[in-house]
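Please keep the sequence and the model at hand while reading.

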Amino acid sequence: MTVVLAGVGADQSNVGRNLPLYDDGTFEYIPIPEKTDATDERDTVGAWELREGGVAADLFSKIRPAPGRDESWITDRDRIADWPLHRDPNFEAMTYGEHRGSVDRRQRYVPLLEALDPGDIVGFYAGLAPADGGDPHRYLIGYFTVESVVSTEGLDRDEQRRLLAEHAENAHAKRAVDGVLYHDRHGAEGKYVVIVAGREPGGLFERDPIRLSEKYVKPGNERAGYYLIDRIAEEWNLVDPDADPVALTRKPALRFDLDAETFLDRAGIPGRR
């Protein structure tokens, strides 16, 4: 059986900071800003409630819906508050999606998701930093058990429209317009979306996320980086690592040869952590 971990959540690349991890083990999870404001998603930066009170907009002085383009930073407070979130994963509806992209890191996600079977696990990790200062790390913040995996690849427009309607709570379906996916509307024809529908056990952890990274200077490098903890790689049976050690800076997808029962025993049940 398979466990796939996907990197998610707002961080330095799209909101200029990592999300806080509090002393009592609770933490904030906030989805990334949506690439477009043309979406049916009603959750905005100014409406997303924080566990410690307030809203996500209280934490951000800037957001970048299109990471990699410096000119795309939004700094106007009203625009930040009104900007929709790309709620992916949606832990309440238990749905997660990825599109076939042109960047190698994203290309890796899609085949891994397509290989998931019912009963496998898709987990999610994010960058969290101690609220009172200290180094950020990558933490497993939640997961869900796979119910089904569907794809828009090869579908005609009517079939695609029906599939997206069946997964209407997925962020990729919400930003589609009349069955036309976001990337198709922006001149990237030929791409497709894979959607994972989940079921319990699963959800967002209430507290005590599981740290996945350690920080050190890799031989031959001058600066410290964040890498997958060796114990996790060994005990969870990491499969096909891109490198040794596995760098987690860019949130790569990770695949483990681990049965669901063992994973649940080690990760615990959301709501009980």
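## Basis of the report

The model is predicted: local features need pLDDT of at least 70, side-chain atom pairs count only at pLDDT 80 or more, and totals for chains, interfaces and linings use all residues. Residues are numbered from 1 along each chain as its sequence is written, and side-chain values use heavy atoms, with hydrogens and water left out.

## Salt bridges

A salt bridge is defined here as a side-chain nitrogen of Lys or Arg within 4 Å of a carboxyl oxygen of Asp or Glu. By this rule the structure has 11 salt bridges. One of them pairs Arg87 with Asp43, where the closest N and O atoms are 2.9 Å apart. Arg87 lies in the loop between β4 (85-86) and β5, and Asp43 in the loop between β3 (32-33) and α2 (77-82), so this pair ties together parts that are 44 residues apart in sequence. Helices (H or I, at least four residues) and strands (E, at least two) are DSSP runs, numbered from the N terminus.

Arg87 also forms a salt bridge with Glu92, with an N to O distance of 2.3 Å. Arg87 is buried, at 15% relative accessibility, whereas Glu92 is exposed, with a relative accessible area of 61%. In these terms, buried means under 20% relative accessible area, exposed means over 50%, and partly exposed lies in between (1.4 Å probe, protein chains only). Elsewhere, Lys174 and Glu169 meet in a salt bridge of 3.4 Å, N to O. Lys174 is buried at 11% relative accessibility, while Glu169 is partly exposed at 42%. Both residues belong to a network of salt bridges that also includes Glu41.

## A negative surface patch

Asp23, Asp24, Glu52, Asp132 and Asp208 form a negative surface patch. Patches are made of residues with over 30% relative accessible area and no salt bridge; like charges are joined within 9 Å, and nonpolar side chains (Val, Leu, Ile, Met, Phe, Trp, Tyr) within 5 Å. Asp and Glu count as negative and Lys and Arg as positive, while His and the chain ends are not counted. The place of a charge is taken as NZ of Lys, CZ of Arg, CG of Asp or CD of Glu. Accessible areas come from the Shrake-Rupley method with a 1.4 Å probe, and for residues only the protein chains shown count as cover.

Asp208, a member of this patch, is found in the loop between β8 (193-204) and β9 (210-211). Asp208 is partly exposed, with a relative accessible area of 37%. Its phi is positive, about 55°, although Asp208 is not a glycine.

## A buried histidine

His99 is found in strand β5 (residues 95-99) and is buried, with a relative accessible area of 12%. Leaving aside residues up to four places away in sequence, His99 touches Val110, His172, Arg175, His183, Lys191, Tyr192 and Val193. Contact here means heavy atoms within 4.5 Å.

## Backbone details

Asp88 and Pro89 are joined by a cis peptide bond, with omega of about 10°. Pro89 is placed in the loop between β4 and β5. Another cis peptide bond joins Glu200 and Pro201, with omega of about 0°, and Pro201 is in strand β8.

Lys251, a residue other than glycine, has a positive phi near 55°. Lys251 is located in the loop between β12 (238-239) and β13 (254-257) and is buried, with a relative accessible area of 6%.
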